[in-house]
Amino acid sequence: MLTTRFVDGAPNWIDVGSPDLDGTASFYGALFGWRFVSAGPDAGGYGFFQLDGRTVAGGMRTGPEQGPPAWTVYFRSEDAQATAKAAEEAHGSVLFQPMDVMGEGRMAILADRAGVPFGIWQPGRTAGVDMAGEPGALCWVELYTPDIAAAAAFYRRVLGLETSGVPFPGGTYTCVQPDGAGEDAMFGGMVPLADDPSEAESGAYWLPYFEVADTDAVVERAQRLGGTVRMPATSVEGVGRMAKLADPYGVRFAVIRGEPAQG
């Protein structure tokens, strides 16, 4: 599961780009109880979403030239420059070159072979988010991709990620975890776009999941707040009750009340 005991290759940060940061902060504040706090006058409007004083995500205002509004998942890198080079060598691309972030760390935005954007974060003073795997925080990430084998090879080479197949209702699910970290460090999965027509229409991307105490209540609240339901609340045996949503600006995310681990 995703925790804040970050290891190389695991998600350690997430942020949302929105055309209306005030509106976004209002939506997620009412949905999850988050509070938006500015990172300061030198941060270009960037800020942090916090829950009970702990940072769960970042946020910034973005324009059309920066692409559609979206959540960006960042993965831990020991060396941002080397990871960016590895992405290019693996037939991906560097969308935003590695840069220092006020001594807190180094970041870059890359894209995989299918053009899916993702971030890397090389820790400085900031290791990553303060919460993971708890209600109101990131708990899982899922890559929707046209080619599982190609994606697995890319992320293996660039981030050192391992994949494994696990039985799942209707077939096999491809799980993702850091190299050599064991199944307890599993943090996400890969899903063929062809298996989900609703996702195939919107193209490949990383989908973040946030843990919640009551999936149905969050779905109902999201609709009242102007969000949309992309997949209604659905129970999956051995996994939990999940739903796919979008905020009022079309930013896609998912929520889940996970089932307790057995044994």
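Leaving aside its neighbours within four places in sequence, with which residues is Y144 in contact?

View 1. The model shown here is predicted; local features need pLDDT of at least 70 and side-chain atom pairs count only at pLDDT 80 or more, while totals for chains, interfaces and linings use all residues. Residues are numbered from 1 along each chain as its sequence is written, and side-chain values use heavy atoms, with hydrogens and water left out. Apart from neighbours within four places in sequence, Y144 touches V191, L193, D196, E199, A204, Y205, L207, Y209 and K244 (contact means heavy atoms within 4.5 Å). Y144 and L207 are 63 residues apart in sequence, and their C-alpha atoms are 7.6 Å apart in space. With a relative accessible area of 3%, Y144 is buried (buried means under 20% relative accessible area, exposed over 50%, and partly exposed in between, with a 1.4 Å probe and protein chains only). Helices (H or I, at least four residues) and strands (E, at least two) are DSSP runs, numbered from the N terminus.

**View 2. Packing of helix α1 against helix α5.** Two packed helices are described by the angle between their axes and the distance between the axes. For α1 (residues 21-32) and α5 (residues 215-224), the angle is about 150 degrees and the axes are 9 Å apart (axes are lines fitted to C-alpha atoms, for helices over the stretch in contact, and angles run from 0 to 180 degrees between N-to-C directions). That angle makes α1 roughly antiparallel to α5 (under 35 degrees counts as roughly parallel, over 145 as roughly antiparallel, 65 to 115 as roughly perpendicular and the rest as oblique). On the α1 side the contact is made by F27, A30, L31 and F32, and on the α5 side by V218, R221 and A222. These residues divide into 6 nonpolar, no polar and 1 charged (Ala, Val, Leu, Ile, Met, Phe, Trp, Tyr, Cys and Pro count as nonpolar, Asp, Glu, Lys and Arg as charged, and the others, Gly among them, as polar).

**View 3. The buried residues of helix α5.** Which residues of α5 are buried? They are T215, V218, V219 and A222. These residues cover an arc of only 100 degrees around the axis, which puts them on the same side of α5 (the arc is that of the directions from the helix axis to the C-beta atoms). An α-helix has 3.6 residues a turn, so residues three or four places apart point the same way. Among the elements that cover the buried residues of α5 are α1, β14 (228-236), β15 (240-246) and β16 (252-258).

**View 4. Packing of helix α2 against helix α3.** The axes of α2 (residues 80-89) and α3 are 8 Å apart, at an angle of about 150 degrees. This angle makes α2 roughly antiparallel to α3. Helix α2 contributes T83, A86, A87 and E89 to the contact, and helix α3 contributes F154, R157, V158 and L159. The residues of this contact divide into 5 nonpolar, 1 polar and 2 charged.

**View 5. The loop residues D52 and M102.** D52 lies in the loop between β3 (47-51) and β4 (54-61). Its phi is near 55 degrees, a positive value in a residue other than glycine, and at 73% relative accessibility D52 counts as exposed. M102 is found in the loop between β6 (93-100) and β7 (105-111). Although M102 is not a glycine, it has a positive phi of about 50 degrees. M102 is partly exposed, with a relative accessible area of 46%.
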